[in-house]
Amino acid sequence: MADRLSGELYHTKFDPKTYLGYCYQFSESPGQKDNSRFVLFVLSQLSHTFSSGQYRGQRLVEVGTGPTIHTLISACEYYEEMVVSDYVEGNRTEIQKWLRAEGGCFDWDEHIQYVCELEEGKRTPAAVKQTLRQRIKQVLKCDISLAESENPFHPTAVEAADCVVSSLCLEAACRDRASYRRSLGAMVGLLRPGGVLVLIGDLDETFYTVGSQKFATVTLSQDFIELTLAELGVRVQQFVLQPALNSELNLKCDYKASFYLVAHKN
Ligand SMILES: C[S@@+](CC[C@H](N)C(=O)[O-])C[C@H]1O[C@@H](n2cnc3c(N)ncnc32)[C@H](O)[C@@H]1O
(Lines give C-alpha, C1' and ligand atoms only; values in the text may rest on other atoms or scores of the structure.)
Protein backbone atom coordinates (compact mmCIF):
# COMPACT_ATOMS: atom_id res chain seq x y z
CA MET A 1 0.00 0.00 0.00
CA ALA A 2 0.97 3.64 -0.46
CA ASP A 3 3.74 4.95 1.72
CA ARG A 4 1.80 5.35 4.99
CA LEU A 5 2.75 8.97 5.72
CA SER A 6 2.29 10.36 2.21
CA GLY A 7 -0.85 8.26 1.75
CA GLU A 8 -2.36 9.72 4.92
CA LEU A 9 -1.34 13.24 3.88
CA TYR A 10 -3.13 12.86 0.53
CA HIS A 11 -6.23 11.41 2.19
CA THR A 12 -6.52 14.20 4.71
CA LYS A 13 -4.84 17.27 3.20
CA PHE A 14 -5.18 17.23 -0.59
CA ASP A 15 -8.05 19.62 -1.24
CA PRO A 16 -9.46 19.15 -4.77
CA LYS A 17 -11.05 22.60 -5.03
CA THR A 18 -7.93 24.42 -3.85
CA TYR A 19 -5.82 22.34 -6.25
CA LEU A 20 -8.07 23.11 -9.21
CA GLY A 21 -8.06 26.84 -8.40
CA TYR A 22 -4.30 26.81 -7.93
CA CYS A 23 -3.35 24.83 -11.01
CA TYR A 24 -6.11 24.94 -13.59
CA GLN A 25 -7.80 28.32 -13.28
CA PHE A 26 -6.65 30.41 -16.24
CA SER A 27 -5.21 33.30 -14.25
CA GLU A 28 -1.85 34.55 -13.13
CA SER A 29 -1.14 35.51 -9.55
CA PRO A 30 2.29 36.65 -8.39
CA GLY A 31 4.28 33.95 -6.64
CA GLN A 32 2.36 31.07 -8.17
CA LYS A 33 3.42 28.59 -10.81
CA ASP A 34 2.92 30.01 -14.29
CA ASN A 35 -0.32 28.04 -14.45
CA SER A 36 -1.69 29.10 -17.77
CA ARG A 37 1.65 28.44 -19.45
CA PHE A 38 1.82 24.91 -18.00
CA VAL A 39 -1.79 24.09 -18.85
CA LEU A 40 -1.45 25.39 -22.40
CA PHE A 41 1.77 23.40 -22.84
CA VAL A 42 0.05 20.20 -21.73
CA LEU A 43 -3.11 20.78 -23.78
CA SER A 44 -1.19 21.59 -26.94
CA GLN A 45 1.15 18.59 -26.58
CA LEU A 46 -1.82 16.28 -26.02
CA SER A 47 -3.57 17.75 -29.04
CA HIS A 48 -0.44 17.23 -31.13
CA THR A 49 -0.22 13.57 -30.01
CA PHE A 50 -3.86 12.60 -30.41
CA SER A 51 -5.57 14.84 -32.95
CA SER A 52 -4.17 13.02 -35.99
CA GLY A 53 -5.90 9.82 -34.83
CA GLN A 54 -2.67 7.79 -35.05
CA TYR A 55 -3.32 6.52 -31.52
CA ARG A 56 -6.66 4.83 -31.01
CA GLY A 57 -8.13 1.73 -29.43
CA GLN A 58 -10.62 0.24 -27.04
CA ARG A 59 -9.32 1.45 -23.70
CA LEU A 60 -7.44 4.39 -22.24
CA VAL A 61 -6.49 4.33 -18.56
CA GLU A 62 -5.36 7.38 -16.60
CA VAL A 63 -3.44 6.95 -13.34
CA GLY A 64 -3.62 9.63 -10.63
CA THR A 65 -6.12 11.81 -12.49
CA GLY A 66 -6.69 14.00 -9.46
CA PRO A 67 -9.87 16.10 -9.77
CA THR A 68 -9.20 16.84 -13.46
CA ILE A 69 -10.38 15.78 -16.93
CA HIS A 70 -8.23 18.03 -19.17
CA THR A 71 -5.80 15.26 -20.18
CA LEU A 72 -8.60 13.45 -22.01
CA ILE A 73 -10.00 16.30 -24.12
CA SER A 74 -7.94 15.40 -27.19
CA ALA A 75 -7.84 11.61 -26.71
CA CYS A 76 -11.54 11.02 -26.00
CA GLU A 77 -12.40 10.86 -29.70
CA TYR A 78 -10.19 7.81 -30.21
CA TYR A 79 -10.86 5.45 -27.29
CA GLU A 80 -14.16 3.66 -26.74
CA GLU A 81 -13.80 3.56 -22.99
CA MET A 82 -11.75 5.65 -20.63
CA VAL A 83 -10.97 4.70 -17.05
CA VAL A 84 -9.74 7.42 -14.71
CA SER A 85 -8.42 6.84 -11.21
CA ASP A 86 -7.04 8.48 -8.11
CA TYR A 87 -5.96 7.67 -4.56
CA VAL A 88 -8.08 10.42 -2.98
CA GLU A 89 -11.83 10.00 -2.71
CA GLY A 90 -12.49 13.77 -2.89
CA ASN A 91 -10.73 13.88 -6.27
CA ARG A 92 -12.84 11.05 -7.61
CA THR A 93 -15.99 12.78 -6.32
CA GLU A 94 -14.97 15.99 -8.11
CA ILE A 95 -14.67 14.10 -11.42
CA GLN A 96 -18.03 12.41 -10.86
CA LYS A 97 -19.59 15.83 -10.27
CA TRP A 98 -18.27 17.09 -13.61
CA LEU A 99 -19.45 13.93 -15.37
CA ARG A 100 -22.96 14.52 -13.99
CA ALA A 101 -22.72 18.28 -14.76
CA GLU A 102 -23.62 19.02 -11.14
CA GLY A 103 -23.80 22.62 -9.98
CA GLY A 104 -20.53 23.82 -8.46
CA CYS A 105 -18.34 21.44 -10.44
CA PHE A 106 -15.13 22.86 -11.91
CA ASP A 107 -15.61 24.65 -15.22
CA TRP A 108 -13.42 23.09 -17.94
CA ASP A 109 -15.07 25.04 -20.76
CA GLU A 110 -12.08 27.29 -21.47
CA HIS A 111 -9.75 24.28 -21.68
CA ILE A 112 -12.12 22.47 -24.04
CA GLN A 113 -12.57 25.63 -26.13
CA TYR A 114 -8.79 26.00 -26.40
CA VAL A 115 -8.36 22.43 -27.67
CA CYS A 116 -11.18 22.91 -30.20
CA GLU A 117 -9.39 26.02 -31.49
CA LEU A 118 -6.15 24.02 -31.82
CA GLU A 119 -8.12 21.49 -33.87
CA GLU A 120 -9.36 24.35 -36.07
CA GLY A 121 -13.02 23.66 -35.39
CA LYS A 122 -12.99 19.94 -36.22
CA ARG A 123 -15.14 19.38 -33.10
CA THR A 124 -17.41 21.72 -31.17
CA PRO A 125 -16.96 22.20 -27.40
CA ALA A 126 -20.47 20.80 -26.83
CA ALA A 127 -19.63 17.64 -28.79
CA VAL A 128 -16.35 17.21 -26.90
CA LYS A 129 -18.12 17.50 -23.54
CA GLN A 130 -20.67 14.93 -24.60
CA THR A 131 -17.96 12.51 -25.78
CA LEU A 132 -16.01 12.91 -22.53
CA ARG A 133 -19.13 12.29 -20.46
CA GLN A 134 -20.05 9.23 -22.49
CA ARG A 135 -16.62 7.65 -22.66
CA ILE A 136 -15.31 8.10 -19.13
CA LYS A 137 -16.87 4.86 -17.97
CA GLN A 138 -15.19 4.33 -14.62
CA VAL A 139 -13.69 6.50 -11.88
CA LEU A 140 -11.65 4.07 -9.81
CA LYS A 141 -9.72 4.09 -6.57
CA CYS A 142 -6.05 3.60 -7.37
CA ASP A 143 -2.86 3.02 -5.45
CA ILE A 144 0.02 3.02 -7.90
CA SER A 145 2.59 2.59 -5.15
CA LEU A 146 1.78 -1.11 -4.75
CA ALA A 147 4.27 -3.77 -5.85
CA GLU A 148 4.45 -4.30 -9.64
CA SER A 149 2.63 -7.62 -9.43
CA GLU A 150 -0.36 -6.16 -7.52
CA ASN A 151 -3.48 -4.65 -9.06
CA PRO A 152 -3.46 -0.86 -8.40
CA PHE A 153 -7.24 -0.79 -8.89
CA HIS A 154 -7.99 -3.65 -6.46
CA PRO A 155 -10.68 -4.98 -6.21
CA THR A 156 -11.63 -3.86 -9.75
CA ALA A 157 -9.92 -5.69 -12.60
CA VAL A 158 -9.09 -3.51 -15.61
CA GLU A 159 -8.15 -5.15 -18.90
CA ALA A 160 -4.89 -4.18 -20.63
CA ALA A 161 -4.98 -0.63 -21.96
CA ASP A 162 -4.13 0.61 -25.45
CA CYS A 163 -3.04 3.86 -23.89
CA VAL A 164 -1.98 4.88 -20.37
CA VAL A 165 -1.85 8.56 -19.43
CA SER A 166 -0.50 10.02 -16.21
CA SER A 167 0.22 13.60 -15.23
CA LEU A 168 2.15 14.86 -12.19
CA CYS A 169 1.23 11.72 -10.25
CA LEU A 170 4.27 9.49 -9.78
CA GLU A 171 6.60 12.18 -8.48
CA ALA A 172 3.89 12.96 -5.89
CA ALA A 173 2.97 9.38 -5.04
CA CYS A 174 6.49 7.99 -4.57
CA ARG A 175 8.97 8.63 -1.79
CA ASP A 176 12.21 8.05 -3.76
CA ARG A 177 13.59 6.99 -7.14
CA ALA A 178 13.44 3.27 -6.25
CA SER A 179 9.72 3.49 -5.53
CA TYR A 180 9.23 5.71 -8.62
CA ARG A 181 10.81 2.96 -10.71
CA ARG A 182 8.54 0.34 -9.14
CA SER A 183 5.40 2.44 -9.69
CA LEU A 184 6.38 3.28 -13.25
CA GLY A 185 6.77 -0.49 -13.76
CA ALA A 186 3.24 -1.00 -12.40
CA MET A 187 1.98 1.69 -14.78
CA VAL A 188 3.71 0.08 -17.77
CA GLY A 189 2.18 -3.23 -16.64
CA LEU A 190 -1.28 -1.75 -17.35
CA LEU A 191 -0.42 -1.39 -21.05
CA ARG A 192 -0.81 -4.03 -23.73
CA PRO A 193 2.35 -4.76 -25.78
CA GLY A 194 2.65 -2.02 -28.41
CA GLY A 195 0.49 0.32 -26.32
CA VAL A 196 1.33 3.99 -25.87
CA LEU A 197 2.32 5.74 -22.64
CA VAL A 198 1.85 9.50 -22.25
CA LEU A 199 3.63 10.76 -19.17
CA ILE A 200 3.61 14.35 -17.95
CA GLY A 201 5.62 15.61 -14.99
CA ASP A 202 8.06 18.05 -13.48
CA LEU A 203 11.86 17.80 -13.38
CA ASP A 204 14.14 18.75 -10.47
CA GLU A 205 11.25 19.36 -8.12
CA THR A 206 11.38 18.67 -4.37
CA PHE A 207 7.95 19.97 -3.32
CA TYR A 208 4.71 21.56 -4.44
CA THR A 209 1.94 23.20 -2.46
CA VAL A 210 -1.83 23.10 -2.53
CA GLY A 211 -2.97 26.13 -0.56
CA SER A 212 -0.87 26.15 2.59
CA GLN A 213 -0.21 22.40 2.42
CA LYS A 214 3.20 21.26 1.19
CA PHE A 215 3.71 17.91 -0.56
CA ALA A 216 7.14 16.34 -1.13
CA THR A 217 8.07 15.04 -4.58
CA VAL A 218 10.74 12.73 -5.99
CA THR A 219 13.40 14.73 -7.78
CA LEU A 220 13.54 13.57 -11.39
CA SER A 221 15.86 14.08 -14.34
CA GLN A 222 15.32 13.36 -18.02
CA ASP A 223 18.19 10.80 -17.99
CA PHE A 224 16.69 8.90 -15.06
CA ILE A 225 13.23 8.73 -16.65
CA GLU A 226 14.57 7.64 -20.05
CA LEU A 227 16.87 5.02 -18.54
CA THR A 228 14.09 3.66 -16.30
CA LEU A 229 11.67 3.40 -19.23
CA ALA A 230 14.32 1.63 -21.33
CA GLU A 231 14.85 -0.88 -18.50
CA LEU A 232 11.08 -1.44 -18.41
CA GLY A 233 11.01 -2.21 -22.14
CA VAL A 234 9.47 1.10 -23.19
CA ARG A 235 10.82 3.13 -26.12
CA VAL A 236 10.60 6.91 -25.79
CA GLN A 237 9.46 8.52 -29.07
CA GLN A 238 9.22 12.10 -27.93
CA PHE A 239 10.48 13.97 -24.85
CA VAL A 240 9.52 17.64 -24.77
CA LEU A 241 10.61 20.12 -22.09
CA GLN A 242 9.12 23.43 -21.06
CA PRO A 243 11.61 25.21 -18.76
CA ALA A 244 10.16 27.10 -15.78
CA LEU A 245 10.18 30.90 -16.05
CA ASN A 246 11.22 33.13 -13.16
CA SER A 247 11.55 30.14 -10.85
CA GLU A 248 13.01 32.37 -8.12
CA LEU A 249 9.58 34.07 -7.84
CA ASN A 250 7.72 30.79 -7.61
CA LEU A 251 6.62 30.06 -4.04
CA LYS A 252 4.26 27.28 -5.03
CA CYS A 253 6.80 24.68 -6.12
CA ASP A 254 10.46 24.46 -7.11
CA TYR A 255 10.37 22.60 -10.43
CA LYS A 256 12.92 23.55 -13.11
CA ALA A 257 11.00 22.25 -16.13
CA SER A 258 7.84 20.44 -17.08
CA PHE A 259 8.16 17.41 -19.34
CA TYR A 260 5.82 15.64 -21.73
CA LEU A 261 6.76 12.28 -23.17
CA VAL A 262 5.24 9.74 -25.52
CA ALA A 263 6.59 6.18 -25.41
CA HIS A 264 5.74 2.71 -26.72
CA LYS A 265 5.80 -0.58 -24.86
CA ASN A 266 7.82 -3.12 -26.82
C1 LIG B 1 -0.11 16.81 -8.31
S2 LIG B 1 -1.57 15.84 -8.35
C3 LIG B 1 -1.80 15.57 -10.10
C4 LIG B 1 -3.24 15.50 -10.47
C5 LIG B 1 -3.55 15.53 -11.97
N6 LIG B 1 -3.14 14.30 -12.61
C7 LIG B 1 -2.91 16.71 -12.67
O8 LIG B 1 -2.19 16.52 -13.66
O9 LIG B 1 -3.14 17.83 -12.25
C10 LIG B 1 -0.99 14.28 -7.76
C11 LIG B 1 -2.08 13.26 -7.72
O12 LIG B 1 -1.52 11.97 -7.39
C13 LIG B 1 -2.47 11.31 -6.58
N14 LIG B 1 -1.80 10.23 -5.81
C15 LIG B 1 -1.01 10.36 -4.71
N16 LIG B 1 -0.59 9.13 -4.30
C17 LIG B 1 -1.13 8.23 -5.17
C18 LIG B 1 -1.06 6.80 -5.27
N19 LIG B 1 -0.37 6.07 -4.39
N20 LIG B 1 -1.73 6.21 -6.29
C21 LIG B 1 -2.44 6.95 -7.19
N22 LIG B 1 -2.54 8.30 -7.13
C23 LIG B 1 -1.90 8.93 -6.13
C24 LIG B 1 -3.01 12.40 -5.68
O25 LIG B 1 -4.22 12.06 -5.06
C26 LIG B 1 -3.15 13.55 -6.68
O27 LIG B 1 -4.41 13.55 -7.29
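I'll start with the ligand: the shell around it divides into 12 nonpolar, 7 polar and 2 charged residues. That makes 21 residues surrounding the ligand, and the closest are G64, G66, Y87, S167 and A173. Bear in mind throughout that this is a predicted model.

Next, helix α4, residues 89-99. Which of its residues are buried? N91, R92, E94 and I95 are. Looking down the axis of α4, the buried residues fall within an arc of 155°, so they line one face of the helix. As for what covers the buried residues of α4, the cover includes α2 (16-24), β2 (79-86) and β3 (136-141). After α4 comes A101, with a positive phi near 55°.

E120 is not a glycine, yet its phi is positive, near 55°. E120 sits in the loop between α5 (109-118) and α6 (125-135). Is E120 buried or exposed? Exposed, because E120 has 8 other C-beta atoms within 10 Å, and the cut-off for exposed is 12 or fewer.

D204, also not a glycine, has a positive phi of about 55°. D204 lies in the loop between β5 (191-203) and β6 (207-210). With 15 C-beta neighbours inside 10 Å, D204 counts as partly exposed.

There is also a cis peptide bond, from H154 to P155, with omega near 10°. P155 is in the loop between β3 and β4 (161-167).

Last, A230, in helix α9, residues 222-231. A230 is partly exposed, with 13 other C-beta atoms within 10 Å.

Notes
Residues are numbered from 1 along each chain as its sequence is written. This is a predicted model: local features need pLDDT of at least 70, side-chain atom pairs count only at pLDDT 80 or more; totals for chains, interfaces and linings use all residues. Helices (H or I, at least four residues) and strands (E, at least two) are DSSP runs, numbered from the N terminus. A residue is buried if 20 or more other C-beta atoms lie within 10 Å of its own, exposed if 12 or fewer, and partly exposed in between; C-beta atoms are placed from the backbone. A residue is near a molecule or strand if its C-beta atom, placed from the backbone, lies within 6 Å of it. Ala, Val, Leu, Ile, Met, Phe, Trp, Tyr, Cys and Pro count as nonpolar, Asp, Glu, Lys and Arg as charged, and the others, Gly among them, as polar. The arc is that of the directions from the helix axis to the C-beta atoms. Two residues are in contact if their C-beta atoms, placed from the backbone, lie within 7 Å.
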